[in-house]
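These are my notebook entries on one protein model, kept in the order in which I looked things up.

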Amino acid sequence: MIRKMKETEIDTLVYLWFKTSVQAHNFIAEDFWKSQMLAMKETYLPNCDTYIYEEDNNILGFISYHQGFVPALFVSIEAQSQGIGSKLLDFIKQQYQQLQLTVYAENQRAHSFYMAQGFKNSGRQICEHTDHEEILMQWCKV
């Protein structure tokens, strides 16, 4: 089931975000992700429209939307490759005509996932926080 995040679930989402970020971005020091946990909790998640994917009262993933941008799509490590990320992305696609996001160039698995979901590369930039290259991607409803 996909539903809007409850404020009481922020800590659970931050933990899910941290664990999956460390695993998916092993080219960035774990200390960086730790240093961002408070900002995720107090700034990023509260200022986005965030939806969770839940099964049997367990949060398995979430997606955030903010002003045309998808700043977060994370699925718990144990639940990956089960279609949850696609379901969350489809949920957001049904609500908006176009979406943008960035993905680290070194995260080839995520880049391939977004390409398979209909996103197109639209540019490259250096992440101001990590100095790693990001690929800008966009999707438009046909």
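What percentage of the 142 residues of the protein count as buried? I find that 45% of them do, where buried means under 20% relative accessible area, exposed means over 50%, and partly exposed covers what lies in between, with a 1.4 Å probe and protein chains only.

Before going on, I note that this is a predicted model, in which local features need pLDDT of at least 70 and side-chain atom pairs count only at pLDDT 80 or more, while totals for chains, interfaces and linings use all residues. Residues are numbered from 1 along each chain as its sequence is written, and side-chain values use heavy atoms, with hydrogens and water left out.

**Entry: overall form.** I looked up the elements, taking helices (H or I, at least four residues) and strands (E, at least two) as DSSP runs numbered from the N terminus. The protein has 5 helices and 7 strands, and from the N terminus on their order is β-α-α-α-β-β-β-α-β-α-β-β. The radius of gyration, taken over C-alpha atoms, is compared with a globule rule of 2.2 Å times the number of residues to the power 0.38; for 142 residues a compact globule would have a value near 14 Å, and the protein agrees with its 14 Å. I also noted that the C-alpha atoms fill a box of roughly 40 × 40 × 30 Å along the principal axes. With contact meaning heavy atoms within 4.5 Å, 58% of the contacts between residues at least 6 apart in sequence join residues at least 24 apart.

**Entry: strands around β7.** I counted two strands as paired if DSSP finds at least two bridges between them. Strand β7 (residues 133-140) runs antiparallel to β5 (residues 98-104), to which 7 bridges join it, and in this pairing Y104 has E134 of β7 as its bridge partner. Strand β6 (residues 120-126) is also antiparallel to β7, with 6 bridges between them, and I126 stands opposite E133. The hairpin of β6 and β7 has 6 residues between the strands, and there D131 takes a positive phi near 65 degrees.

**Entry: helix α5.** In α5 (residues 108-116) I found A110, H111 and Y114 buried. They lie on the same side of the helix because they cover an arc of only 100 degrees around the axis, the arc being that of the directions from the helix axis to the C-beta atoms. Q108 and A116, on the other side of α5, are exposed. The buried residues of α5 pack against β4 (69-75), α4 (84-93), β5, β6 and β7. Just after the helix, G118 takes a positive phi of about 95 degrees.

I then looked at H111 on its own and asked why it counts as buried. H111 does so because its relative accessibility is 17%. Neighbours within four places in sequence aside, H111 is in contact with V103, N121, I135 and M137.

**Entry: cysteines.** I took a disulfide as a pair of cysteine sulfur atoms within 2.5 Å, and by this rule the count comes to 0. C48 is in no disulfide, since the nearest cysteine sulfur, that of C127, is 16 Å away. C48 is buried, with a relative accessible area of 15%, and C127 also counts as buried, at 5% relative accessibility.
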